[in-house]
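My entries follow in the order I made them.

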Amino acid sequence: MPEASTAVFEKDNFNAEKYVKNLVQDCVGGPELQQTKQKIQSLSETVSSTLKKHVYENYMQFIETAKEISHLESEMYQLSHILIEQRNLLTTLRDESMLDDQKNIIEDQSLDPNVNEEQQNRKAIQLIKESLIGYKGNLDDKVFIHEGGLIELDSNDYRPICRIHLFLFNEVLVLAKVRNEKKLEFQTEYETKKIAVINIKDLDGVNKNAINVITSDGARMFQCINSAAKLEWIDKFEHAIKFHQLKKPKKAQAPQPPTSLKFEAPQKSTDSELLTLSPTASEMGRVIVENLPPEWLVTAPEEIQAEIAQRHFEDCLALLQKCEDHLAQDSTFHGAAEIGEKIKTLKGSLASVLMHELSNSQSRSLQAALRSSRRPLKLLVEMEKSREACGILLRVCSSAIRTSQRQARRNNLAVSELFFCDVALVASEFLRAFSAKASCTSALIVWCNMELQYFASQLIKHYLTKDTQLEMVAKVVEGVREPCLKLREIGLDLSYHMEGLLRSTLGQLLDEARYRLVDSIGRTEDPWQPYNLQTKTGLRTLLKEFDVLGIDFRTYVTGDTWINLTQATVSFCRHLLQTTESCAYLAKYDSLQRDSEMLIRELFLSQHSIKPPNSLNADMNFVAKNKTYMAEVLLPIAMKRFERIAGKKPDLLMELHTQLRTVPPKPKPRSVYQTDVL
């Protein structure tokens with residue numbers, strides 16, 4: 001007899017059939033075979049125990065490895081943080097060195113100090129035009145003020161974007177991008193009367209020596225080489241912004257306007273002095289005094305810039321409105337046009353900053369985004385910027401909703417309820433913010449339709465795919481319908497649109513389910529005998545199960561464990577009622593009612609039309625009894641269940657019930673020697 005050991009089974013050329021044949025040939029009689037079997041069984045148990053032990057050891061090693069990986073991950077995070085700090089430091093040093101290496105165009109080319117300022121200005125403009133690549137503007141009538149290299153920063157994370165060289169003139173600010181060859185390529189230009197400069201507070205490790213230039217294209221952030229350069233740039237910007245206020249076109253034989261917007265109060269004159277004045281001189285004096293603007297209006301632009309920089313938006317808007325009201329009442333004083341233009345530019349700057357504040361909430365959750373948007377929204381509405389503000393708000397909400405939907409799908413949460421709750425939250429906040437702006441309501445309707453289309457496409461993609469079970473389809477649709485109907489409480493009805501978006505897909509799924517379910521009928525052979533539950537406990541369990549479904553089989557119980565219907569009929573009762581429930585939920589949509597009833601009708605007729613094969617000597621009276629039960633008991637219960645859930649009468653099923661009652665089945669005459677089993 002061969003010795004049973006694990007070494008035999010570990011060989012590469014081990015053949016189980018050959019091993020058993022040799023075992024049978026070498027063993028004499030049943031006792032030896034039994035002993036060999038017991039040895040192999042013991043080896044199997046030993047191998048199983050060893051395997052479990054190895055699995056446990058591997059599991060413990062896996063846990064230890066996971067702990068080590070966790071510690072390593074923490075160390076790698078710390079190392080990454082250190083490397084990021086080192087990279088930022090090196091980047092700062094590199095940028096500063098690059099700024100040091102980048103010499104100014106005017107300083108590199110020596111200007112003759114003996115010539116007058118006008119000639120020096122022409123020489124400087126000529127040098128700048130020669131150094132700029134791609135610039136086609138006119139600088140001949142401009143006055144050069146300042147230049148220098150800066151680093152443009154990202155306004156969100158203060159990350160360096162590129163090297164920029166700025167040329168500041170009295171009327172324009174020219175921006176040029178520094179290439180690797182240290183060439184200056186023209187990028188864009190802005191009018192100085194339409195820009196504002198904000199001093200940004202230095203933050204350790206984030207940004208230093210930065211200024212924020214608010215232009216017609218939005219806010220742009222630049223970093224200077226040091227604090228002294230930063231202060232110089234701010235001073236030069238202020239000088240350029242005020243420069244156009246100081247310069248007036250010359251007219252022949254016309255009195256010149258004052259050279260500054262800051263007027264000194266006239267000295268008090270005595271009555272005797274006034275009497276010595278001629279009538280003409282007195283009248284001219286009164287005109288000059290009357291044409292002087294109030295001191296608070298002259299300093300208002302600077303105060304508004306400071307309020308914007310300090311984020312005191314409410315005070316800033318109040319001062320802007322006060323200035324506009326004063327200019328609307330009186331604009332005859334000297335410098336009124338310049339002050340009005342400055343106020344208009346600062347109002348645009350404030351709107352740009354508020355738009356930026358509103359857009360910055362995009363990376364937050366929907367609730368946080370809506371909370372943070374209330375302040376800029378209120379101010380933008382007061383500034384008559386409702387159309388732009390509502391567009392930004394809806395874009396921010398779209399991003400937040402789609403992000404929450406992705407997270408909900410990953411966590412297997414109720415995406416439909418979450419989506420419609422978010423839509424209701426957005427609609428409520430939108431109507432609150434723009435309650436006085438009826439023209440913005442159309443933007444909300446368009447946004448709701450667009451978000452509904454996107455939500456429906458994602459719902460179809462992830463939950464209503466091909467071969468999805470009908471029960472799951474009904475669950476998904478019902479999960480959409482209920483929260484969608486709740487939107488009517490705030491005056492927003494999206495049910496009809498939602499039904500239209502899902503109509504085609506749900507119709508296809510109903511057709512596929514009908515073919516699949518009808519094809520499954522009759523696949524198992526039915527003995528056409530009463531159903532034996534084997535035990536009383538099994539019978540009681542079955543009766544309780546069908547009580548929940550609304551079917552009482554107690555009148556069909558015979559004996560201790562028998563039901564006087566076939567097992568196929570009992571199983572079909574459960575199957576039909578579950579299918580009817582799913583179809584009834586789908587039939588709440590008017591466009592799907594006929595397809596849902598058609599599925600139930602064909603499924604019922606497929607089971608009802610099954611006949612026993614000729615080879616089976618079945619009791620035709622028993623067969624007729626099953627068919628009668630289906631037509632007279634099961635179908636009415638299904639109809640009531642459908643009407644209760646869908647809230648509609650099942651016309652096709654009622655028609656089918658009428659047809660089956662008018663043509664009762666004709667049972668085969670029973671033999672006098674045959675009787676029911678029970």
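I note that the model is predicted.

I took the largest cavity, which holds about 40 Å³ of space. I listed its lining as Ile401, Arg402, Gln405, Arg409, Phe419, Glu451, Tyr454, Phe455 and Gln458. I sorted these residues into 4 nonpolar, 2 polar and 3 charged. I found that α13 (386–410) and α15 (441–462) each give at least two residues to this lining.

I went on to the second largest cavity, with about 30 Å³ of space. I read its lining as Arg481, Cys484, Leu485, Ser495, Met498 and Tyr589. Two or more of these residues come from each of α16 and α17 (495–520). I noted that α16 supplies the largest share, 3 residues. By class, I have 4 nonpolar, 1 polar and 1 charged for this lining.

I then asked how α16 packs with α19. I found helix α16 (residues 470–486) at an angle of about 35 degrees to helix α19 (residues 567–586), with the axes 9 Å apart. The crossing is left-handed. On the α16 side I listed contact residues including Val473, Val477 and Arg481; on the α19 side, Ser582 and Tyr585 are among them. I classed this contact as 7 nonpolar, 2 polar and 3 charged residues.

Last, I checked helix α9 (residues 295–309) against helix α10 (residues 313–329) and read an angle of about 155 degrees, with the axes 9 Å apart. I counted 11 nonpolar, 1 polar and 4 charged residues in their contact.

Note on methods:
Residues numbered from 1 in each chain as written. Predicted model: local features only at pLDDT ≥ 70, side-chain atom pairs only at ≥ 80, totals over all residues. Heavy atoms only, no water. Axes fitted to C-alpha atoms, helices over the stretch in contact; angles between N-to-C directions. Helix = DSSP H or I, 4+ residues; strand = E, 2+ residues; numbered from the N terminus. Left-handed = near helix turned anticlockwise from the far one by under 90°. Contact = heavy atoms within 4.5 Å. Nonpolar A, V, L, I, M, F, W, Y, C, P; charged D, E, K, R; others polar. 1 Å grid on protein atoms, 1.4 Å probe; cavity = no way out; pocket = protein on both sides within 12 Å on 5 of 7 lines; lining within 4 Å. Points joined across faces, edges and corners; volume = space filled by probe spheres on them.
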